[in-house]
Amino acid sequence: MDITGIFNRLLSHEELRREETKDLLIAITHGELSDPEITALLTAIQMRGITVDELLGFRDGILETGVPVPLDCDRYIDVVGTGGDRKNTFNISTTSCFVIAGAGYKVAKHGNFSATSVSGASNVIKNHGVMFTDDLDKLNRSINECGIVYLHAQLFAKAMKFVGAIRKALPFPTFFNLLGPIINPSKPRCQLLGVANLDQMRLYQQVYQKIGIDYGIVNSIDGYDEISLTGDFKVTTNQYERIFRPQDFGFDIARPEELRGGATEEEAAEIFDAVLNNRALPAQKNIVMANAAFGIQVLERGQKPIEECIDIARESLDSGKALQTFRKFVELNR
């Protein structure tokens with residue numbers, strides 16, 4: 001690999017081809033790039049800004065060098081946020097996944113420990129005694145018997161360990177922060193993604209269009225990477241692009257303090273449990289229902305109006321089906 005030539009092109013603000021960034025990622029995993037070269041690569045791309053094809057190439061490389069997860073079902077969804085909004089919200093995406101599964105849909109949730117908040121998806125899952133696994137039989141049993149499987153990122157994206165120390169040492173985020181939502185090793189055909197700003201929304205919209213999946217991308221205008229109900233929020237899907245207000249669905253405006261995930265992992269887990277047990281604050285329940293509903297609409301290929309999807313999510317919570325799904329999930333994954 002002509003790494004010097006690549007650096008010269010980057011310094012001239014040239015774009016790399018998808019195949020080139022895939023090869024770069026594979027070269028990193030083979031130890032063909034030194035730490036200074038990796039640092040220079042991450043810095044140069046961050047300063048110029050990554051393109052859609054470059055991001056897709058790095059994704060291709062991570063999936064090729066990682067552990068694949070072929071699941072025994074055709075249509076399932078992942079609900080995830082980009083992170084980095086610095087809002088320290090409770091585990092909204094993860095809770096929404098169990099509401100979706102409780103409504104009878106299939107979910108393959110991909111997640112990791114938190115980098116910027118008190119509790120990430122893996123934190124709250126592990127806090128309930130779940131053991132992470134890459135055993136394909138166990139993973140398929142989970143999604144088949146309770147409708148949801150959890151994929152702990154560190155077991156599957158092997159390439160990430162080669163850049164972990166460098167990313168941690170750099171005083172700025174890199175394009176690797178953008179890869180997390182699109183490297184689910186089961187390659188779901190549906191995804192609901194929360195982004196922290198509209199620039200990210202446009203980037204991922206083009207990414208999903210090239211991958212060819214059913215998607216929903218959400219952003220709260222005040223900077224949350226999920227539907228926060230603290231104000232207006234924008235949703236982009238295969239079918240439409242629209243700004244909604246909480247009042248459109250009869251929801252009250254949520255206060256920022258009602259979204260906070262607490263000061264410890266235990267406090268975050270308590271909020272997660274409170275929502276599934278239907279004893280959370282009204283705002284917490286509404287936020288989870290809203291995010292779950294847009295996920296359900298993606299699974300339904302946009303054929304159900306969002307109001308009907310909200311009713312489906314509400315029934316999953318009110319009937320106890322979401323809680324039953326979670327209890328079964330824990331039982332299967334201890």
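Trainee: Which residues touch the most other members of the largest nonpolar core?

Mentor: Please keep in mind that this is a predicted model. The largest nonpolar core has 58 residues, and I77, I100, F294 and F329 touch the most other members.

Trainee: Which helix gives the most to this core?

Mentor: Helix α12, residues 282–299, gives the most, with eleven residues.

Trainee: What is I100 in contact with, leaving aside its neighbours within four places in sequence?

Mentor: I100 is in contact with I77, V79, Y105, V107, A292, G295, I296 and L299. That list leaves aside neighbours within four places in sequence.

Trainee: How many residues are in the other core, the one that lies apart from it?

Mentor: That other core has 45 residues, and L24, V52, A157 and I217 are among them.

Trainee: Let us turn to helix α4. How far does it reach from its first C-alpha to its last?

Mentor: Helix α4 covers residues 52–65, which is 14 residues, and reaches 20 Å. That is close to the 20 Å expected at 1.5 Å a residue.

Trainee: How many of the 14 residues of α4 are buried?

Mentor: Eleven of the 14 are buried, and α4 is thus mostly covered. The buried residues are V52, E54, L55, L56, G57, F58, R59, D60, G61, I62 and L63.

Trainee: What do the buried residues of α4 pack against?

Mentor: They pack against four helices: α2 (18–29), α3 (35–48), α9 (176–179) and α10 (198–211).

Trainee: Now α11, please. How many residues has it, and what is its reach?

Mentor: Helix α11 has twelve residues and reaches 17 Å from its first C-alpha to its last, close to the 16 Å expected at 1.5 Å a residue. In α11, the buried residues are A268, A269, I271, F272, A274, V275 and L276.

Trainee: What covers the buried residues of α11?

Mentor: The cover includes α5 (92–102), α6, α12, α13 (306–318) and α14.

Trainee: At what angle do α11 and α14 pack?

Mentor: Helix α11 (residues 265–276) and helix α14 (residues 321–332) pack at an angle of about 130°, and their axes are 8 Å apart. Because of that angle, α11 is oblique to α14.

Trainee: Which residues make the contact?

Mentor: From α11 they are F272, D273 and L276, and from α14 they are A322, L323 and F326. The residues of this contact divide into five nonpolar, no polar and one charged.

Trainee: And what follows α11?

Mentor: N278 follows α11, and its phi is positive, near 60°.

Trainee: Staying with α14 for a moment, is T325 buried or exposed?

Mentor: T325 is found in helix α14. It counts as buried because its relative accessibility is 10%, and buried means under 20%.

Trainee: What is T325 in contact with, apart from its neighbours within four places in sequence?

Mentor: Leaving those neighbours aside, T325 is in contact with F98, A101, G102, C146 and I148.

Trainee: On to the loops. Where is S114 found?

Mentor: S114 is found in the loop between β2 (107–111) and α6 (121–127). With a relative accessible area of 25%, S114 is partly exposed. Leaving aside its neighbours within four places in sequence, S114 is in contact with S119, G120 and N123.

Trainee: How far apart are S114 and G81?

Mentor: S114 and G81 are 33 residues apart in sequence and 12 Å apart in space, C-alpha to C-alpha.

Trainee: And where is D222?

Mentor: D222 is found in the loop between β5 (214–220) and β6 (233–237). D222 is partly exposed, at a relative accessible area of 36%. Setting aside its neighbours within four places in sequence, D222 is in contact with K87, S228 and T230. D222 and D232 are ten residues apart in sequence and 7.9 Å apart in space, C-alpha to C-alpha.

Trainee: Which loop holds L229?

Mentor: L229 also has its place in the loop between β5 and β6. L229 has a positive phi of about 60° although it is not a glycine. At 1% relative accessibility, L229 counts as buried.

Trainee: What is the phi of K187?

Mentor: K187 has a positive phi of about 50°, and K187 is not a glycine. The place of K187 is in the loop between α9 and β4 (190–194).

Note on methods:
Residues are numbered from 1 along each chain as its sequence is written. This is a predicted model: local features need pLDDT of at least 70, side-chain atom pairs count only at pLDDT 80 or more; totals for chains, interfaces and linings use all residues. Side-chain values use heavy atoms; hydrogens and water are left out. A nonpolar core is a set of buried Ala, Val, Leu, Ile, Met, Phe, Trp, Tyr and Cys residues joined through side-chain atoms within 4.5 Å. Buried means under 20% relative accessible area, exposed over 50%, partly exposed in between (1.4 Å probe, protein chains only). Helices (H or I, at least four residues) and strands (E, at least two) are DSSP runs, numbered from the N terminus. Contact means heavy atoms within 4.5 Å. The expected span of a helix is 1.5 Å times one less than its number of residues. Axes are lines fitted to C-alpha atoms, for helices over the stretch in contact, and angles run from 0 to 180 degrees between N-to-C directions. Angles under 35 degrees count as roughly parallel, over 145 as roughly antiparallel, 65 to 115 as roughly perpendicular and the rest as oblique. Ala, Val, Leu, Ile, Met, Phe, Trp, Tyr, Cys and Pro count as nonpolar, Asp, Glu, Lys and Arg as charged, and the others, Gly among them, as polar.
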